[in-house]
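Subject: Handover of a structure for your review

Dear colleague,

Please find below the sequence and structure that I am passing on to you. My findings follow directly after it.

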Amino acid sequence: MPDTHDTALPTPLPAIAALPAYVPGARGSSAVPPVKLSSNESPDGPVVAVVDAAAAASEAIHRYPDMAATEITAAIAASLDRDPAEVVVGAGSVAVLAHLLQAYAGPGDEVIFAWRSFEAYPILTAVAGATAVKVPLTSEARHDLPAMAAAVTDATRVVMLCSPNNPTGPTISTAELEEFMAAVPTRVLVVLDEAYVEYVRAADAVSGPAVLDQYPNLVLLRTFSKAYALAGLRVGYAVGPAGLIAPIRACVTPFSVSGPAQAGALAALAARETYLERAAAVVVERERVAAALRADGWTVPDAQGNFVWLPVGAATLDLVAHLGASEPAILVRPFAGEGVRVTIGAPAENDALLARLGTWQGPRASA
């Protein structure tokens, strides 16, 4: 019989106890509304049709949603000229990636990704019980794909590529991906995370759908949270060969994509042209902001998402404090000791950012 008087409490697995915290973008608490450029959200709200669709679906929230997300899965597949069996939908692309790692990586396995890249990668890898292998970015804040290919071992199960890279901005070129895929064994699952693909304008950037059929071990990851302005509804998806997608689908939490989320995403996809026009306007602002920053002496890597990266190194937290010191506070996303990611907002918000950065007396690049 166990000692019922033992006062010890349950303890988590060591890998879980050691997890780094996921840091969300700052929200602010001042009486004066802050300029929130910290979470890579769309500066525009959803179109009316999306709100109406989600609202109509909310009238049935006493019922379980379609567990298979049949309609939105079929619509996504049709938009990419794929079979629905090649698409799996989940509660945001982070959740889909978590399910992918559940299906393909575990204790004793290695997961490779660039660093710095999306901060969920090491967290999800640890939750899956696998070992993270971080490969440093190049001096231009790009993926070092030859080094990533060289890091593949017999224990490697998954490699994650982020294009454009969050938080630094550059994309992976088609030629770079071709060389990388040729160097990686087909037993290794390669995930191309294209969360910001609608903002990409680099002529040589790889397009996941254009190369998907060339590689039997490639899966794409996309989201409705960014360009489609549905961050609050949580809808993301993966696309790839049906044989690779089926195990991911088996791991998806049942009913995790709500009815309003499915309806909203379906309406958003139907309004794709409107959202692409909005994304184009963000690109114009991104180029304006990046050009102004560079003209003022800031180092800004190639920016292909809806954000810019300021690699100020040890001055990161001081710069964040400077931006938030007066009203309205300008909220950005710091990565201590590395740099600051700044979301592209509405023109007036971007003007406020540029004005505040113009008064910064510290370094404009990492020492």
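The structure, which is a predicted model, holds zero disulfides. Cysteine 162 counts as buried because its relative accessibility is 3%. Cysteine 251 is partly exposed, with a relative accessible area of 26%.

As to annotation, the unreviewed UniProt entry records "domain: Aminotransferase class I/classII large" over residues 35-357. In the model, that span is 39% helix and 17% strand, and its end C-alpha atoms lie 13 Å apart.

Nonpolar cores

The largest nonpolar core has 49 residues, and those that touch the most other members are Ile76, Val89, Met148, Leu161, Phe180, Leu218 and Phe224. Helix 10 (residues 259-270) gives the most to this core, namely five residues. Another core, of 31 residues, lies apart from it and includes Phe307, Val308, Ala315 and Val342. As general background, nonpolar side chains tend to be buried together in soluble globular proteins.

Strand 8 and its partners

Strand 8 (residues 236-239) is covered on both faces: Gly236 and Ala238 are buried on one side, and Tyr237 and Val239 are buried on the other. Strand 2 (residues 87-90) pairs with strand 8 in the antiparallel sense over four bridges. Strand 7 (residues 218-223) likewise pairs with strand 8 in the antiparallel sense, over four bridges.

Which residues does valine 89 contact, leaving aside its neighbours within four places in sequence? They are Ala69, Ile72, Thr73, Ile76, Val96, Val235, Gly236, Tyr237, Val252 and Val257.

In helix 9 (residues 242-251), the buried residues are Leu244, Ile245 and Ile248. These residues lie on the same side of helix 9, because they cover an arc of only 90° around the axis.

Helix 5 (residues 120-127) is largely enclosed by the rest of the structure, because seven of its eight residues are buried. The buried residues are Ala120, Tyr121, Pro122, Ile123, Leu124, Thr125 and Ala126. Their cover includes helix 1 (14-17), helix 4, strand 3 (110-115), strand 4 (131-136), strand 5 (156-162) and strand 6. Glycine 129 follows helix 5 and has a positive phi, near 90°.

Methionine 181

Methionine 181 is found in helix 7 (residues 174-183). With a relative accessibility of 7%, methionine 181 counts as buried, because the cut-off for that class is under 20%. Not counting residues up to four places away in sequence, methionine 181 touches Val190, Tyr215, Asn217 and Leu218. Its C-alpha atom is separated by 30 Å from that of tyrosine 228, which is 47 residues apart from methionine 181 along the chain.

Backbone geometry to note

Where do the cis peptide bonds described here fall?
- Tryptophan 115 and arginine 116 are joined by a cis peptide bond, with omega about 15°. Arginine 116 is found in the loop between strand 3 and helix 5.
- Serine 163 and proline 164 are also joined by a cis peptide bond, with omega near 0°. Proline 164 has its place in the loop between strand 5 and helix 7.

Two residues have a positive phi although neither is a glycine.
- Alanine 69 has a phi of about 45° and lies in the loop between helix 2 (48-58) and helix 3 (70-79). At 3% relative accessibility, alanine 69 counts as buried. Alanine 69 is also one of the contacts of valine 89.
- Phenylalanine 255 has a phi of about 60° and lies in the loop between helix 9 and helix 10. Phenylalanine 255 is partly exposed, with a relative accessible area of 33%.

With kind regards

Definitions and conventions: Residues are numbered from 1 along each chain as its sequence is written. This is a predicted model: local features need pLDDT of at least 70, side-chain atom pairs count only at pLDDT 80 or more; totals for chains, interfaces and linings use all residues. Side-chain values use heavy atoms; hydrogens and water are left out. A nonpolar core is a set of buried Ala, Val, Leu, Ile, Met, Phe, Trp, Tyr and Cys residues joined through side-chain atoms within 4.5 Å. Buried means under 20% relative accessible area, exposed over 50%, partly exposed in between (1.4 Å probe, protein chains only). Helices (H or I, at least four residues) and strands (E, at least two) are DSSP runs, numbered from the N terminus. Contact means heavy atoms within 4.5 Å. UniProt positions are given in the numbering used here, feature names are shortened, and annotations may be inferred rather than shown by experiment. Two strands pair if DSSP finds at least two bridges between them. A disulfide is a pair of cysteine sulfur atoms within 2.5 Å. The arc is that of the directions from the helix axis to the C-beta atoms.
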